[in-house]
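Hi there,

Here is the structure I promised to send over. Please have a look at it first, and then read on for what turned up.

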Amino acid sequence: MSPRRVPVSRRDRPAKAPLSRAGAVAVGLRIMREEGLERLTMRRLAAELDTGPSSLYVYVQNMAELHGAILDELLAGLELPAASADSWRDDVVALMSAYTRLLMAYPSLARSVLTLRPSGPHYVRFIDALLGLLHAGGVPVGQAAWGVDLLLQHGTAIAAEQGTRGESVDAGDEHQLLVMELREASEAEFPNIARVREELFSGTGEERFAWTFGVVIAGIQAVPVG
């Protein structure tokens, strides 16, 4: 006679946390921070949440939406300045610089954001804050509306470029090769390079991208749409 099987109560097993969009995004953000965005897939995320990949599509339709939601979560920690007519221009530069630095820490996410349309409450508040600053500076409505898109595109592109260079083991050597070629360029053959030779290498990276935001803002303020 075979021994009687001892039943196991389901109550002894830890209950799975209920699935939610917020929970999926939180786990996705953790995977990106710990291992990089390349390791974040629907299959990996589902395994972390102890469910099947098909179950996640109820909460996140695809990877592009997940990347946008992760960006939205990161923006929750971005300090948004109050609109001021006295400091609006400096505030836009500071806010866009902070956004760029945030994305530079995650180059793969920056590259993804370049080709998608992020959304979410924190992203919407970020856009509203930018529009408020441009309004405080007297920028016409149409120029402000188009200008926000340009600012975001510019900041995201800087983050994708600089962050990707930071990941490349050859980037430093390539940059030094360019610097050497520009420094050694013949004045007779390349008079325009010679004229600004030292200025080509002046300023820190932070100073340079802050300056480019100033240039973009000046263009937004000056050039009418249509």
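Asp50 sits in the loop that links α2 (42–48) to α3 (53–56). Please keep in mind that this is a predicted model. For comparison, most residues other than glycine have a negative phi.

Next, a pair of helices. Two packed helices are described by the angle between their axes and the distance between those axes. For helix α5 (residues 88–104) and helix α7 (residues 121–136), the axes come within 8 Å and cross at roughly 155 degrees. Angles over 145 degrees count as roughly antiparallel, so that is how α5 runs relative to α7. The crossing of α5 past α7 is left-handed.

Which residues make the contact? On the α5 side they are Trp88, Asp91, Val92, Leu95, Met96 and Tyr99, and on the α7 side Phe126, Ala129, Leu130, Leu133, Leu134 and Ala136. Sorted by class, this contact of α5 with α7 has 11 nonpolar residues, no polar ones and 1 charged one.

Now to the aromatic rings. How many aromatic pairs does a search of the whole structure find? There are 2.

One of them is formed by Tyr99 and Phe126, which are stacked, with 5.2 Å from centre to centre and 20 degrees between the planes. Since Tyr99 belongs to helix α5 and Phe126 to helix α7, this pair ties together parts that lie 27 residues apart in sequence. Tyr99 and Phe126 are both buried.

Phe209 and Phe213 also pair up: their ring centres are 6.3 Å apart and their planes stand at 85 degrees, so this pair is edge-to-face. Both residues belong to helix α11 (residues 205–222), and because they are 4 residues apart there, about one helical turn separates Phe209 from Phe213.

If you open the model, Asp50 in its loop between α2 and α3, the crossing of α5 and α7 and the Phe209 and Phe213 pair in α11 are the places to look up.

Best wishes,
Your colleague

Conventions:
Residues numbered from 1 in each chain as written. Predicted model: local features only at pLDDT ≥ 70, side-chain atom pairs only at ≥ 80, totals over all residues. Heavy atoms only, no water. Axes fitted to C-alpha atoms, helices over the stretch in contact; angles between N-to-C directions. Helix = DSSP H or I, 4+ residues; strand = E, 2+ residues; numbered from the N terminus. Parallel < 35°, antiparallel > 145°, perpendicular 65-115°, else oblique. Left-handed = near helix turned anticlockwise from the far one by under 90°. Contact = heavy atoms within 4.5 Å. Nonpolar A, V, L, I, M, F, W, Y, C, P; charged D, E, K, R; others polar. Phe/Tyr/Trp six-rings, centres within 6.5 Å; stacked < 30°, edge-to-face > 60°. Buried < 20%, exposed > 50% of the residue type's maximum accessible area, 1.4 Å probe, protein only.
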